[in-house]
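Open the model in your viewer and keep the selection tool at hand. The tour goes from the whole chain to single residues.

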Amino acid sequence: MQMLSVDEAQVARWRGLRDEISRAAAAEKVSLLAAEATRHRADNLRTIDAAQQGHIGGDMSITDVLTTLYYAVLDIDPADPDADGRDRLVLSKGHCAAALYTVLSSCGYFSPSELPTFMAPLSPLNGHPNRLKVPGVEANTGPLGHGLPIATGIAKAAKLRGASNRVFVLLGDGELQEGSNWEAFMAASHFKLDNLVAVVDRNRLQQGARTEDTNSLDPLPERLSAFGWEVREIDGHDFTQLLAAFTPSTSGRPVAVVAHTIKGKGISFMEDDVAWHHKVPSPEQVEAALKELV
Ligand SMILES: Cc1ncc(C[n+]2csc(CCOP(=O)(O)OP(=O)(O)O)c2C)c(N)n1
Ligand SMILES: [Mg+2]
């Protein structure tokens with residue numbers, strides 16, 4: 001198996017852009033993040049096109065969340081992916097690995113030139129992320145319902161060590177039908193893990209149907225609040241709201257960000273259509289989508 005290594009030029013670009021975003025006035029911050037997210041959507045689409053496999057709908061719904069975290073929130077160094085005390089992002093909805101790989105490579109954890117190997121035999125860029133193969137990946141995920149329990153453990157370990165890093169976990173909404181999440185919600189509030197942030201990608205679609213027609217989650221904010229979490233409900237495609245939602249806990253409790261999103265966001269014919277959970281676009285559809293994105 002080939003090994004992935006840091007791409008210094010990409011890291012330099014990431015550092016420059018991240019600095020610019022941190023110094024920019026509010027409106028400029030939003031437009032820099034939006035432009036970067038659009039680039040990520042196009043690269044993600046090309047990755048799925050090269051592989052002829054993937055989960056494009058769920059990738060598009062988390063692109064703005066991931067872009068905000070990696071370009072404006074997480075305390076990380078892509079040139080030193082195992083640094084002690086780094087913030088962590090666990091992608092619990094591991095089927096959306098291509099979205100994570102796109103953003104990690106843009107930060108320079110590895111070269112974006114690796115993206116076309118997504119899901120090819122012997123490529124480390126598997127259909128679901130593996131922390132032993134891909135720098136920047138913090139947990140092996142894919143079987144839904146594991147990321148929050150893992151992130152809860154990482155956050156508890158940080159507390160035990162007196163470390164001040166934060167732990168973020170990105171979950172699907174259909175994924176919340178797995179009971180393991182609710183054990184972790186309970187444990188995290190019991191342990192007062194105010195260093196833990198669970199972002200729910202509330203796109204209201206799961207693999208083959210709407211969440212509310214399958215096993216309803218509403219009233220989701222109230223349920224999370226009843227489990228002892230500080231709940232922040234936002235538009236998950238609004239960068240101003242995303243930046244505000246990722247500020248540290250003010251309550252001493254773990255934070256749940258319910259991010260209302262659109263599956264397929266940014267590609268008009270894919271938006272809010274369950275068919276695009278893991279359908280692969282035709283060459284004509286790729287061309288049409290890229291016209292909307294670039
Ligand atoms: C335990 C488990 N059961 C089933 C699957 C198959 N599966 C992959 S994605 C998915 C739907 C997930 O829906 P959601 O969490 O809402 O994700 P998104 O809408 O973001 O794609 C399912 C059932 C799985 N990966 N793990
Ligand atoms: Mg969903």
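**A tour by selection**

Start at ligand 1. Its shell divides into three nonpolar, 12 polar and five charged residues. Select that shell: 20 residues surround the ligand. The closest are Gly58, Gly172, Gly174, Glu175 and Gln206. Keep in mind that this is a predicted model.

**Zoom out: the whole chain**

Switch to a cartoon view. The chain has 10 helices and five strands. Its radius of gyration is 18 Å, close to the 19 Å from the globule rule for 294 residues, so the chain is as compact as a globular protein of that length. Along the principal axes, the C-alpha atoms fill a box of roughly 50 × 45 × 45 Å. Of the 294 residues, 50% count as buried.

**Select the nonpolar core**

The largest nonpolar core holds 75 residues. Which of them touch the most other members? Pick Val199 and Val257. Then colour helix α3, residues 56-73: with nine residues, α3 gives this core its largest share.

**Select helix α6, residues 180-190**

Which residues of α6 are buried? They are Asn181, Ala184, Phe185, Ala188 and Ser189. Look down the helix axis: these residues cover an arc of only 125°, which puts them on the same side of α6. Next, show what they pack against: α5 (147-161), β3 (196-202) and α8 (220-226). Then step past the end of the helix. Lys192 follows α6 and has a positive phi, near 55°.

**Last stop: Thr47**

Select helix α2, residues 26-51, and find Thr47 within it. Is Thr47 buried or exposed? Count C-beta neighbours inside 10 Å: there are 27, so Thr47 counts as buried. Leave aside neighbours within four places in sequence, and Thr47 is in contact with Ala98, Thr102, Leu115, Pro116 and Phe118.

Finish with a distance. Draw a line from the C-alpha of Thr47 to that of Met186: the two are 38 Å apart in space. In sequence, 139 residues separate Thr47 and Met186.

Definitions and conventions:
Residues numbered from 1 in each chain as written. Chains lettered and ligands numbered in written order. Predicted model: local features only at pLDDT ≥ 70, side-chain atom pairs only at ≥ 80, totals over all residues. Core = buried A, V, L, I, M, F, W, Y, C linked by C-beta atoms within 7 Å. Buried ≥ 20, exposed ≤ 12 C-beta atoms within 10 Å, placed from the backbone. Helix = DSSP H or I, 4+ residues; strand = E, 2+ residues; numbered from the N terminus. Near = placed C-beta within 6 Å. Nonpolar A, V, L, I, M, F, W, Y, C, P; charged D, E, K, R; others polar. Arc of directions from axis to C-beta. Contact = placed C-beta atoms within 7 Å. Rg over C-alpha atoms; globule rule 2.2 N^0.38 Å.
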